[in-house]
Amino acid sequence: MLIPFIWMVSTSLKTPGETVAMPPVWIPDILQIGNYAEAFEAAPFGRYFLNSVFVTVLSTAGELITTILAAFAFAKIEFYGKNILFTLLIATMMVPGEILIIPNFVTLSNMGLINTYAALIVPYLASVFSVFMLKQSFQSVPKELHYAAKVDGCSDFRFLWTIMVPLAKSSIVAITILKIIGSWNAFMWPLIVTNDRALRTLPVGLQAFTTEAGTQYELLMAAATIVVIPMVIVYLFLQKYIIMGISKSGLKG
Amino acid sequence: MIEKPTLKSTLRAWAYIAPMIAIIGVFNIYPILKSLAMSFYSDYNFYQDVVYAYGWDNFIQIFNDSNLFLAIKNTFIFVLGVVPLSIMLSLGIALLLHNVQFLSGFFRSIYFLPFVTSTVAISIVWNWIYHSRYGLMNYFLGLFGVDPINWITDPKYSMLALVIMAIWKGLGFNIILFLVGLNNIDKGYYSAAKVDGASDLQRFTNITVPLLGPTTFLVTVMGVISSFKVFDEVYSLFQGRPGPGNSALTVVYYIYEKFYTEYQYGVAAAAGIVLFLIILVVTLIQMAYNKKFVHY
């Protein structure tokens, strides 16, 4: 299971001669840390990295806000049209996202947003799936708490942010992390809506680099490592929440 | 106090929902309808977004395109190659992790790692692993006396290469779901069966398998749906081509080609509708099967 990762890191530290040595070299004689510098020189990975961070942070923050507000209304307020709306939203989850790409591309190009950060971020500012997940955990907050707060003169809005959100913390953390991972690794959409080199995110930049780097596999593996490392770190620190998010989404989605 | 909907509560609720609905409406609900409409555009100027004529032309065109059928066939091969094997492997590994506590946390972390990392990065690494002369795969096979295989360049093996990588990548996700399912099984059943003298195998087939039914169903449905949409893996593993000689052309890749490289928006939308219908039918079949054979 780990071999591809070990092989990636090991190759990224080899000399060109060692990459093609048979039998394979697992530990290079001298660690070629310079490969990383060279990869950064050959393609603007620093720029790609910042783009990825920027897009991931904004779309995650935006999705959290829209999700928390909507999930609260669905979980705690009775209103006309609730069931119809909720059913409609759940129905949209059945449609493969790939179908949306063409009309979304047209919409964004009508708005003149192709080749902008907005194209990478705006469509991902909300997700039915996270609303659905968070609604479940908001519902488990007892009604009495809400009543008590109201009696004490606490507004809905304040109740939501000061009481509900902290109580549903672990679900919120789980959706946040899943969103970060999804956004960081997104490929097809960023590939389609950006042609501009300066707007590339890491996966798109890495893919482009494969044609640029040709057969310099030690550089390619260094670049792949650069893309993979941040999520590995996120994962190692927060795996409890990721696994919870997956199992929850799996069981209830 | 908040039990019954009123005009006031409705307005308030919609205010909370508005930001989400605005985004979902524009980028999810509208495009679903729009892409259905687009599939019937027979004469369309996409620069100005003007439609001159509607008709079945797009569907007629794709159903006369042997590449679409190739893409559908390849996608089915991919799904059938990945899903059953992945489920068997992940169930086996989940059982091991569940029963052997030693180091199970460590292994669980490892199995899950491919799932969180970029498909593009991983595919590029696998592209190197599959290299016919310098790749690890052929080196290992060579140790067992297998002649080098041109994984990436031989149309006969490209799908196999894709399937192996996809199984590796998806294992962790399935393992987690199976572990949750195993944890939900009441230990009492096993104790009772033990008292009655049931063997390990009997306990597995008569308790574990049936009680894992709902989990297995879920893992299968999710695996099938996501496998039908495979794209990133193909694009990166074969470096921007659908495999040698279209041997790994999948339905989403077909849509991508029609849309992005050939600018045939209507045709791509029609292919998208076909993909949706295929997934829908397969999911409905699975659900019917589930109703008949899985008992809660």
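## A network of salt bridges

Lys150(A), Asp156(A) and Arg12(B) are linked in a network of salt bridges. The model behind this is predicted, so local features need pLDDT of at least 70 and side-chain atom pairs count only at pLDDT 80 or more, while totals for chains, interfaces and linings use all residues. As for bookkeeping, residues are numbered from 1 along each chain as its sequence is written, chains are lettered from A and ligands numbered from 1 in the order in which they are written, and side-chain values use heavy atoms, leaving out hydrogens and water.

A salt bridge here is a side-chain nitrogen of Lys or Arg within 4 Å of a carboxyl oxygen of Asp or Glu. Between Lys150(A) and Asp156(A), the closest N and O atoms are 3.9 Å apart. Lys150(A) counts as partly exposed because its relative accessible area is 22%, and Asp156(A) counts as buried because its value is 8% (buried means under 20% relative accessible area, exposed over 50%, partly exposed in between, with a 1.4 Å probe and protein chains only). Asp156(A) also meets Arg12(B), at 3.1 Å from N to O. That pair crosses between chains, from helix α10 (residues 156–167) of chain A to helix α1 (residues 7–38) of chain B. Helices (H or I, at least four residues) and strands (E, at least two) are DSSP runs, numbered from the N terminus. Arg12(B) is partly exposed, at 27%.

## Where the chains touch

Turning to the interface, 86 residues of chain A are in contact with 85 residues of chain B (contact means heavy atoms within 4.5 Å). The two chains bury about 8,100 Å² between them, with 79% of it on carbon and sulfur atoms. Buried area is the accessible area (1.4 Å probe) that two parts lose on being put together, summed over both. Met1(A), Tyr80(A) and Ile102(A) supply 9% of what chain A buries against chain B, more than any other three residues.

The rule finds one salt bridge across this interface. Helix α14 (residues 217–252) of chain A gives the most to the side of chain A that touches chain B, with 16 residues.

## Inside chain A

Another salt bridge joins Glu63(A) and Lys179(A), with the closest N and O atoms 2.7 Å apart. This pair links distant parts of the chain: Glu63(A) sits in helix α4 (residues 45–76) and Lys179(A) in helix α11 (residues 169–185), 116 residues apart. Both Glu63(A) and Lys179(A) are buried. Over all chains, a search of the whole structure finds nine salt bridges.

Helix α6 (residues 101–110) of chain A is mostly covered, with eight of its ten residues buried. Among them are Ile102(A), Asn104(A) and Phe105(A). After α6(A) comes Gly112(A), whose phi is positive, near 70 degrees.

Strand β1 (residues 41–45) and strand β2 (residues 50–54) of chain B run antiparallel, joined by four bridges; two strands pair if DSSP finds at least two bridges between them. Asp43(B) has Ala53(B) as its bridge partner, and Tyr41(B) has Tyr54(B). Four residues lie between the strands of the hairpin, where Asp49(B) takes a positive phi near 60 degrees.

Asn246(B) is not a glycine, yet it has a positive phi of about 60 degrees. This residue lies in the loop between α11 (232–237) and α12 (251–261) of chain B. Tyr263(B), also not a glycine, has a positive phi of about 55 degrees, and is found in the loop between α12 and α13 (265–293) of chain B. Tyr263(B) counts as partly exposed, at 48% relative accessibility.
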